[in-house]
Amino acid sequence: VLPTVAFGTLNTKRLDVKQAPVAAFYELMVYAAVFLYTVNQVYIFYVIIRKTKSAATYFRDIWNMIELIVLGAFYLSVSMRVALLLNLYPDPMIFESTFIDYFQISVQYSLSFNLDMICVLAIFAKFFKYAQLSTDTNLLWSVLTRSGVDIAFFIAMLMTLIFAFGMMAVQILGPTMQDYNTIGLAILNLILVILGSFDLDEFIQASPLFGFAFFFIYIMTMFFILMNIFLAILGEAYSVTRELAEQDKRRAVKTKKVGLRGWIRIIWTLFKAKRKKRQEARQNSTGTRPQNRSRH
């Protein structure tokens with residue numbers, strides 16, 4: 001049994017408003033913005049339920065689900081920080097003669113930043129939502145959505161084969177190599193082998209009979225076959241999406257770019273047309289009044 005040790009760090013300066021007032025001010029501004037953002041999402045949810053009489057319409061939209069991930073990760077992170085402030089020991093206790101274990105607090109502290117990472121990642125995923133405004137910037141999202149089903153089946157097959165090769169690695173390399181003595185470590189290291197991080201001599205030393213054969217079969221199956229299938233899926237989806245985008249561009253009405261002078265002329269023309277209509281309306285009103293009087 002090998003002994004293990006874990007270390008954690010805790011920056012109390014970021015939790016003290018007096019030591020970092022500028023950071024605390026910006027953090028409060030972020031909290032206020034996210035609160036308004038939450039109110040907006042609640043209003044959107046209310047409007048959808050009022051119109052469709054069903055909450056499923058809101059959850060069918062992938063962008064609404066991303067919004068929920070952003071807000072959920074953010075509020076979980078804030079709750080972690082609040083709990084951390086409540087459980088944090090006073091500074092004088094650090095210098096006591098007895099040992100105080102800060103490990104759980106440091107884990108809670110790092111977990112809050114991990115939740116922030118999820119929140120930031122979901123926010124950047126919203127870039128694809130606004131990229132749909134242009135056909136050129138929406139190309140990547142269109143390719144991913146068009147090939148989504150094929151990629152899902154490909155990932156399922158890839159994970160099945162990696163798990164199978166992981167079990168083989170545990171049996172062949174596990175008795176002599178620590179990196180392959182468990183199924184989890186074996187799968188992780190096999191993924192690194194696909195990325196180019198491997199040592200062939202270690203495979204041969206661990207198993208002179210089957211080490212090289214295992215490595216050769218794994219590289220041929222995962223890299224030369226499956227990776228090329230993955231590229232073929234994306235390539236086909238890209239060609240179809242690109243062709244459809246070109247067709248949309250040809251069907252679109254060609255418009256001339258208007259500069260500042262052009263916009264001024266358009267606004268002035270609209271203003272004159274509206275003023276002319278008002279003058280004609282006044283003339284018609286003054287011209288019809290005497291006729292009405294003569295009839296009476």
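Is Glu-246 buried, exposed or partly exposed? Glu-246 is partly exposed, because its relative accessibility comes to 30%. Here buried means under 20% relative accessible area, exposed means over 50%, and partly exposed is in between (1.4 Å probe, protein chains only).

Before going on, a word about what you are looking at. This is a predicted model, where local features need pLDDT of at least 70 and side-chain atom pairs count only at pLDDT 80 or more, while totals for chains, interfaces and linings use all residues. Residues are numbered from 1 along each chain as its sequence is written, and side-chain values use heavy atoms, with hydrogens and water left out.

## The overall picture

Let's start with the whole chain. Of the 296 residues in the protein chain, 23% are buried.

How about contacts, meaning heavy atoms within 4.5 Å? Take the contacts between residues at least 6 apart in sequence: 66% of them join residues at least 24 apart. The chain exposes about 22,400 Å², and carbon and sulfur atoms supply 67% of that. Accessible areas like this one come from the Shrake-Rupley method with a 1.4 Å probe, and for residues only the protein chains shown count as cover.

## Salt bridges

Side chains of opposite charge can pair when their charged atoms come close. A salt bridge is counted when a side-chain nitrogen of Lys or Arg is within 4 Å of a carboxyl oxygen of Asp or Glu.

| Pair | N to O distance |
|---|---|
| Lys-126 and Glu-67 | 3.1 Å |
| Asp-116 and Arg-81 | 2.6 Å |
| Arg-242 and Glu-246 | 3.8 Å |

Lys-126 pairs with Glu-67, and the two come from distant parts of the chain, 59 residues apart: Lys-126 is in the loop between α4 (103–125) and α5 (127–131), while Glu-67 is in helix α3. Both partners, Lys-126 and Glu-67, are buried.

Asp-116 and Arg-81 also meet in a salt bridge, and this pair links distant parts of the chain too, with Asp-116 in helix α4 and Arg-81 in helix α3, 35 residues apart. Arg-81 counts as buried because its relative accessible area is 15%.

Then there is Arg-242 with Glu-246. These two are separated by about one helical turn, because they sit four residues apart in helix α10 (residues 211–251). Arg-242 is partly exposed, since its relative accessibility is 32%.

## Patches on the surface

Patches are made of residues with over 30% relative accessible area and no salt bridge; like charges are joined within 9 Å, and nonpolar side chains (Val, Leu, Ile, Met, Phe, Trp, Tyr) within 5 Å. For charges, Lys and Arg count as positive and Asp and Glu as negative, with His and the chain ends not counted. The place of a charge is NZ of Lys, CZ of Arg, CG of Asp or CD of Glu.

Which residues make the patch of positive charge? They are Lys-274, Lys-277, Arg-278 and Arg-282. Lys-277 is in helix α11 (residues 260–295), and it counts as exposed because its relative accessibility is 62%.

On the negative side, Asp-179, Asp-199, Asp-201 and Glu-202 gather in a surface patch. You'll find Asp-179 in the loop between α7 (148–172) and α8 (183–194); with a relative accessible area of 42%, Asp-179 is partly exposed.

The nonpolar patch has about 830 Å² of accessible area together, and its members include Ile-204, Phe-212, Phe-216 and Met-220. Helix α10 gives the most to this patch, with eight residues. One of the members in α10 is Phe-216, which is partly exposed at 46% relative accessible area.

## A few single residues

Asn-64 lies in helix α3 (residues 62–87) and is buried, because its relative accessibility is 11%. Leaving out residues up to four places away in sequence, Asn-64 touches Gln-41, Ile-48 and Tyr-58.

Lys-53 has a phi near 60°, a positive value in a residue other than glycine. Look for Lys-53 in the loop between α1 (21–52) and α2 (56–60), where it is exposed, with a relative accessible area of 70%.

Definitions and conventions. Contact = heavy atoms within 4.5 Å.
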